[in-house]
Amino acid sequence: MDEKTWQEEQARVDSVMATIRRRMAEVEPQMNDLHDQLQDLRQNFWDEVTVDTSSPEDFEETFYSINQQTTILAERERGQQVFERSWKSLHRLLVSPYFGRVDFQEDGQKWTESIYIGVSSLLDDDELTFLIYDWRTPIASLYYDHVPGSADFEAPIGKITGEMIGKRQYQIRDGYLEAMFDASITIGDALLQAALSKGSDTQMRSIVATIQREQNAIIRDTNSRILIVQGSAGSGKTSAAMQRIAYLLFKYRETLRADQIVLFSPNPLFTSYVSTVLPELGEENMQQSTFQEYLELELSPLFDRVEDAMDQIELELSSSKTADERARCEGMAFKASGAFHTLLQQYVCDLEQQGMLFQAITFHDREVIAAKAMQEEYDKLPATMRVMHRVHHLQKWLFDQMKLLELEVFEEDWVDEAIQYLDREAYADVFSTLHKEREVFDIHEQFAKGQERLHKKRRADEADFDFGHQEEQLLRQKVVRRAMKAVWEQINTFAFIDLHGLYAQVFSFYDEASLPTKLTDWPFSMESMARQTKANFEAGVLTYEDATPFLFLKEEVLGIQTDTQIQYVLIDEAQDYSGFQFAYLKKRFPRARFTLLGDFRQAIFAETTPFEHMDTLLGEGGVFEQATILRLLRSYRQTYELVEFTKSLVQDGEEIIPFSRHGQKPLLILCHEEASKEQRIGEDIERLFADGCASVAVMTKTAKESEKIAAILQRLGRSDAKVVTKETTELPSGLVLVPVYLAKGIEFDAVILWDASSTTFSDEKDRKLLYTACTRAMHHLILYACDAFSPWIRHVNPMMYDRVG
């Protein structure tokens, strides 16, 4: 770039920065003044209000006085929010005002417009000319989607066509133009190289300056009800999802709020990792959750413990299992399958005819409504009525029975005894009630006496208000209602339905002759599954593989709670969800548009959806009727050498395209003794930090191994090593120990895989686990083994890595 062009661009940066500072200087006093006014209004709110309720007129005046003060307060709050948003927007621009420019000549126009793109818009003093366009505006899509030549973009008035004369990228920091590139093909490699060469961080960063065309298609898609993104590791799936949320909030800012969007993350650690992206872009964070949190919300009242996916995978990955644990692992895949889903659907239909299980309602250790009585009432209802509707009719019948029961027990001896033990508060409450009733009675008395004098005729009834009798009746009522509160709660929560029994019964409900015809993968361990399920329920435990099917059955029988306010649901690591889980979320959020982001090569959990076979989700028999499917094949996280190695570990890996950022090859180190391996790893950690790595992850297969290795590193003098567990909510910096399954979606400057041997990574699931571990590294990858390396590594071309030993 010649010196004259550089000076002109720097002069424009100086001019824009001056405008930003001038605007901030204008906004800040007004913002502070409104802040002070708000503080005064809140502190003196009641001093400005006259409270007088002595007459209807005074009460009305008080109401209007309070309402007036509330209106003033709300108006000031809105004004302060406007100024705060403006100030924060300007402050973001102050760090780096813009990152891109396109020169565009619209068809039919003789002049060319230079369009500068940044994280938010900025108008010139005339309030008509854009000095900077927000990256989410329609015209900004030119920067992401086109190269110099014919170009177009969708504007509110329709498609605008023309020619892009040029495209330029900038690196500006605190008002200084650090770098500038003319881009002729894509969003420049130079700018992307600079961004990717930086070290990893404990929080995800915004990528608006380096969004690629294929990522932009995800971000700006507003037509698809279901958008499925299959992306390779490091392809920017999650980053694109976060920018997509920011784009939607910008485009639909009049009708869409951040709390109407839900992002499902794989674990709390990941939730924290992405939590700063939207605030960095000036937007409020959407709702963030894990699927486990929804399971616990619905099922915790029914069980002492609801197991999570992390507990389940620890069992799966364990090298030593009991016979029962092996049988359980065999059943995991079946319980997540379409076959089991089909079975449960058929089971619910069959419950309309037979098999419903009820639990008797007891009161004071006696059975007041037997399960048999409920069954008889249930059977009286039309057989064509859905189970859920019959259960709700039965609930109404039970409410009626409880009202009759209250009348029956009203005069029982235990009520007299309980009255003696009532506290003062209960008596005071009854006295207050009687006092109010007496006031009403006195008004009636005055009216009746007036009528008696007027008509000179004696009243038919002159009975006195019997306080003693009324007090006893109210006290009895209070005692009975307190005693029966638990019974009413049983009916309200449908505890009279034996959900545990209904779910356990499904494993023995059918014999081979009566199985639904669509079942093709019926396991041989049904008896074992039935026994294990019953034993777990007796212990108050719901295993992870049973949780979603149990929830499905519960909601088919009792009804589902829907959330119609949510407009968008985004699911990251979607390949780890089962069809059951997708079906539940679709029912839970019936009006939402879904974005599913995943990588089938990283499907390491039992509850998985094979993204390579989309027909399991789409079309007839699938969860979703139709969807838009986008693929991200270019990997940006890792260096060229690391991608070439990691893509060789998996099937169809040849389609993954590495970005042209070069570095060291992966290093494989074979140590024949554990002690020498430990010593060498300690030295490698020292070297990696000395080379400038900000984060080094020592990865293990399981959490138990991470705890064990933490003690080894402690002995080697690495007391700074932090163990990441499923309870970790914030990613530590520096040296971390983490099981592979908790590192999904996260990246590190360097990764050391403690044991990459054939005994640790051998089968197909291990293959995906190994791939997941190796793709967490941005710059350095070191794999250790004490015997032969994993067969998946031995299949890799030796030219792809360096080896010691």
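Predicted model: local features only at pLDDT ≥ 70, side-chain atom pairs only at ≥ 80, totals over all residues.
Me: Why is T646 called buried?

Reply: The word buried is kept for a relative accessible area under 20%, and T646 has a value of 3%, so T646 is buried. This residue belongs to helix α23, which covers residues 640-646.

Me: How do you know which residues T646 touches, leaving aside those up to four places away in sequence?

Reply: A contact calls for heavy atoms within 4.5 Å, and by that rule T646 touches Q638, Y771, C774 and T775.

Me: What makes β9 and β15 a pair of strands, and in which manner do they run?

Reply: Two strands pair if there are at least two bridges between them; strand β9 (residues 261-265) and strand β15 (residues 568-571) are joined by four bridges, so they count as a pair, and they run parallel. Within this pairing, L263 stands opposite L570 in β15.

Me: What is the order of the strands in the open sheet, and why are two of them called edge strands?

Reply: The six strands follow the order β10-β9-β15-β16-β8-β17, with parallel pairing. The edge strands are β10 (287-290) and β17 (628-632), each of which pairs on one side only. From one strand to the next, the twist averages 15°.

Me: Which helices lie across β9, and at what angles do they run?

Reply: Helix α9 (residues 291-299) lies across β9 and β10, running at about 75° to β10. Helix α22 (residues 579-588) lies across β9, β15 and β16 (593-598), and its direction is at about 155° to β16.

Definitions and conventions
Residues numbered from 1 in each chain as written. Heavy atoms only, no water. Helix = DSSP H or I, 4+ residues; strand = E, 2+ residues; numbered from the N terminus. Buried < 20%, exposed > 50% of the residue type's maximum accessible area, 1.4 Å probe, protein only. Axes fitted to C-alpha atoms, helices over the stretch in contact; angles between N-to-C directions.
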